[in-house]
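Visitor: I have a chain open and want a quick tour. Can you take my questions as they come?

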Amino acid sequence: MANQDESFIREVNEELRSEQVKAVWTRFGSVIIGIAILIVAGTIGKVGYEYWHETSASQSGDEFLAALTLSRENKTDEALTALATLEKDGYGAYPVLAKMRAATLQVQKGDTPGAITAFSDIAKDASLPQAMRDAARMRAAYLLVDTGTYEQVSAEAEQLAVPGNGLRHSAREALGLAAYKAGDMPKAKTWFQQITDDAETPRNLANRAQMLLDLIAASGKAS
């Protein structure tokens with residue numbers, strides 16, 4: 001008798017669940033179908049986007065490598081044309097990489113002012129990653145050591161010459177060289193001393209700084 005009762009209760013429960021499912025489907029079936037369609041569409045869209053992203057990045061990467069090959073073959077004008085196209089139509093970070101590479105080629109062609117302007121423009125673009133902006137700022141600073149004033153170098157490099165910044169060593173070197181070139185030996189000594197005092201300074205850069213400190217000391221103009 002107990003087994004029959006349990007069987008009857010189980011059948012009733014199954015019937016109730018079936019009726020509940022029917023009721024829910026009758027009431028919310030269109031919504032459930034809509035959600036399912038959205039899930040499927042979202043999955044298709046995600047896969048499609050990932051494919052488009054990978055394809056676009058791969059194409060831009062190939063175009064960038066082709067431009068670098070032209071540069072290595074000394075086909076500078078052709079490389080600049082390819083980089084200009086990539087800067088305009090490229091995907092992801094490649095337009096900025098193309099602009100930076102084009103600026104380097106400008107230096108090779110003797111257009112240092114144009115290259116400085118290009119690097120400065122990148123450094124001022126708030127939409128770019130900070131690391132990329134800092135690298136462009138550092139490139140502009142080094143070019144200005146040869147062609148600009150200490151103040152111009154300082155405007156680019158001094159904000160990078162702070163403890164904790166990964167480019168501080170190069171920034172201090174650019175500032176020291178600019179001060180040395182301007183004949184301001186006390187200021188040059190200050191920057192080169194910061195380089196040698198920093199335990200994390202790369203050895204070759206520290207050696208250059210120490211050599212210049214020795215030259216400044218020998219000149220008798222350190223104070």
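**Contacts, cores and helices**

Guide: Leaving out neighbours within four places in sequence, Phe119 is in contact (heavy atoms within 4.5 Å) with Met100, Ala103, Thr104, Ala136, Arg139, Ala140 and Leu143. This is a predicted model: local features need pLDDT of at least 70, side-chain atom pairs count only at pLDDT 80 or more, and totals for chains, interfaces and linings use all residues. Residues are numbered from 1 along each chain as its sequence is written, and side-chain values use heavy atoms, with hydrogens and water left out.

Visitor: Which residues touch the most other members of the largest nonpolar core?

Guide: Met100, Phe119, Met138, Val153, Ala157, Leu175 and Phe192, in a core of 37 residues. Which elements give two or more residues to this core? Helix 3 (94–108), helix 4 (112–124), helix 5 (130–147), helix 6 (150–157), helix 7 (168–181), helix 8 and helix 9. Helix 5 gives the largest share, 8 residues. A second, separate core of 10 residues includes Leu68, Leu70, Leu83 and Leu86.

Visitor: What counts as a core there?

Guide: A nonpolar core is a set of buried Ala, Val, Leu, Ile, Met, Phe, Trp, Tyr and Cys residues joined through side-chain atoms within 4.5 Å. Buried means under 20% relative accessible area, exposed over 50%, partly exposed in between, with a 1.4 Å probe and protein chains only. In soluble globular proteins, nonpolar side chains tend to be buried together.

Visitor: Back up a bit. How many helices and strands?

Guide: 9 helices and 0 strands. Helices (H or I, at least four residues) and strands (E, at least two) are DSSP runs, numbered from the N terminus. Of the 223 residues of the protein chain, 35% count as buried. Contacts between residues 24 or more positions apart make up 47% of those with a separation of 6 or more.

Visitor: Helix 8 next. Which residues are buried there?

Guide: Met185, Ala188, Trp191, Phe192 and Ile195. They sit on the same side of helix 8, because they cover an arc of only 130 degrees around the axis. The arc is that of the directions from the helix axis to the C-beta atoms. Helix 6, helix 7 and helix 9 are among what covers these buried residues.

Visitor: What caps its N-terminal end?

Guide: Asp184 caps helix 8 there, with a side-chain oxygen 3.3 Å from the backbone nitrogen of Lys187.

Visitor: Is Thr201 buried or exposed?

Guide: Thr201 counts as buried, because its relative accessibility is 10%. Its side chain makes a polar contact of 3.3 Å with that of His169. A polar contact is a pair of N or O atoms within 3.5 Å; within protein, one must be able to donate a hydrogen and the other to accept it, and residues adjacent in sequence count only if both atoms are side-chain atoms. A polar atom of the Thr201 side chain also lies 2.7 Å from the backbone oxygen of Ile195.

Visitor: Switching to helix 2 (residues 76–89). Which residues are buried?

Guide: Thr76, Ala79, Leu80, Leu83 and Leu86. These buried residues fall within an arc of 125 degrees seen down the axis of helix 2, so they line one face of the helix.

Visitor: Which residues are exposed on the other side of helix 2?

Guide: Asp77, Thr81, Lys88 and Asp89.

How values were computed
Expected span 1.5 Å × (residues − 1).
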